[in-house]
Amino acid sequence: MGEINILIVIFNKLLNESETMLSLQNCNGINNGDIHLHIWNNSPQSLHDDEIEWVKANFNNCKVSIYEDGINHYLSHVYNKIISLVSMDSLLILLDHDSMLPINFLEDIHNVVNDAKNANINLFLPVIMSHNDVVSPAYEKFFQHSYNISNQGIVDTSHLMAINSGMCIRTSYLKSQFPGYNEKLKFYATDNDFMLKYRNDNKYAYIFSSIIKHSLNFVEDDVNSKVRRFKAMKEGAIIIAKDKCVLSVALELLRFSFLVFKYSFKYRTLKFICNA
């Protein structure tokens, strides 16, 4: 299996207050010597010396690389850059700063990746929950999502979608087959971009039993922030659709027109109609 690369993207969060970092330090196997932590600080301010010392003290047997330049880089750029840096025979795990990982997360990954039956599987997905609801993986058909986590193990990728957080991907696939993330995408739809491209090359993925508790900003934001995020989601979806065909663009515009009215009614505001 080689090295396990763990990318954690930080934005306006102290490392020693990040839910991801705090839960990761308690994961079984974190200091086994095969972990390479890639900490990408997308915040305008640099990491403090005490934050870096905290990482060194709590991840003392991990290789640690820190990337920061004061710019909030698009996720598509961040992911492509890390892919270019990792070795061919390894794994890449994508995380943001606000996920609660179970203590057995790394053990579960080690077990499923090293199982001979999964030798040809390139993508391993945990179950993601937010506010007690499953939010990933999902099956998308006709713009509807089905969150059926009873289908764990090897699954067909037809209609399979997943969010970035917790994805575990073989770097041999990323470096030899995956065409890269579309850098026209900013922060939203990078997960859809990846999954659509993965499905073109891979018939199967693996859903394993680890459950990550994750914060979804759209659920927790105030209305103005929801409108901004909705607009960004729409822009990302249209960018992906343009790579397909005119019909795909038309269908996405139709879907988001429906969502505008849905969210306007749900949140009792006209801001979605006026601004999105």
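This is a short tour of one predicted model, stop by stop.

**Before you start**

Residues are numbered from 1 along each chain as its sequence is written. Because the model is predicted, local features need pLDDT of at least 70 and side-chain atom pairs count only at pLDDT 80 or more, while totals for chains, interfaces and linings use all residues; side-chain values use heavy atoms, without hydrogens or water.

**Stop 1: Asn 5**

Select Asn 5. You are in strand 1, residues 4-10. Helices (H or I, at least four residues) and strands (E, at least two) are DSSP runs, numbered from the N terminus. Is Asn 5 buried or exposed? Asn 5 counts as buried, because its relative accessibility is 1%. Buried means under 20% relative accessible area, exposed over 50%, and partly exposed in between, with a 1.4 Å probe and protein chains only.

The side chains of Asn 5 and Ser 90 make a polar contact of 3.2 Å. Such a contact is a pair of N or O atoms within 3.5 Å; within protein, one must be able to donate a hydrogen and the other to accept it, and residues adjacent in sequence count only if both atoms are side-chain atoms.

Beyond four places in sequence, Asn 5 is in contact (heavy atoms within 4.5 Å) with residues including His 36, His 38, Val 86 and Ile 93.

**Stop 2: the nonpolar cores**

Select Ile 6, Leu 24, Phe 59, Ile 93, Phe 105 and Leu 106. Of the 35 residues in the largest nonpolar core, these touch the most other members. A nonpolar core is a set of buried Ala, Val, Leu, Ile, Met, Phe, Trp, Tyr and Cys residues joined through side-chain atoms within 4.5 Å. Elements that each supply at least two residues of this core include strand 1, helix 1 (19-24), strand 4 (91-96) and strand 13 (204-214). Which element gives the most? Helix 4 does, with 5 residues.

Centre on Ile 93. Leaving out residues up to four places away in sequence, Ile 93 touches Asn 5, Phe 105, Ile 109 and Met 167, among others. Then select Val 86, Leu 92, Val 134 and Phe 194. They are among the 32 residues of a second, separate core.

**Stop 3: strands 2 and 3**

Colour strand 2 (35-41) and strand 3 (63-68). The two run parallel, joined by 6 bridges; strands pair if DSSP finds at least two bridges between them. Pick Asn 41 and look across to Glu 68 in strand 3, which stands opposite. Strand 2, helix 2 and strand 3 make a right-handed β-α-β unit: with the strands pointing away from the viewer, the path from the first strand over the helix to the second runs clockwise.

**Stop 4: Lys 197**

Jump to Lys 197 in helix 6, residues 190-201. The Lys 197 side chain makes a polar contact of 3.1 Å with the side chain of Asp 193. Phe 178 is 19 residues away along the chain, yet its C-alpha atom is 7.2 Å from that of Lys 197.

**Stop 5: the rings**

Finish with Tyr 173 and Tyr 198. Both are buried. Their rings are edge-to-face, 5.4 Å centre to centre with 80° between the planes. Rings of Phe, Tyr and Trp (its six-membered ring) pair if their centres lie within 6.5 Å; planes under 30 degrees apart count as stacked, over 60 as edge-to-face and the rest as tilted.

The Phe 194 and Tyr 198 pair is stacked, because the centres are 5.8 Å apart and the planes lie at 25°. Last, show Tyr 79, Phe 178 and Tyr 181 as well: ring pairs link these with Tyr 173, Phe 194 and Tyr 198 into a cluster.
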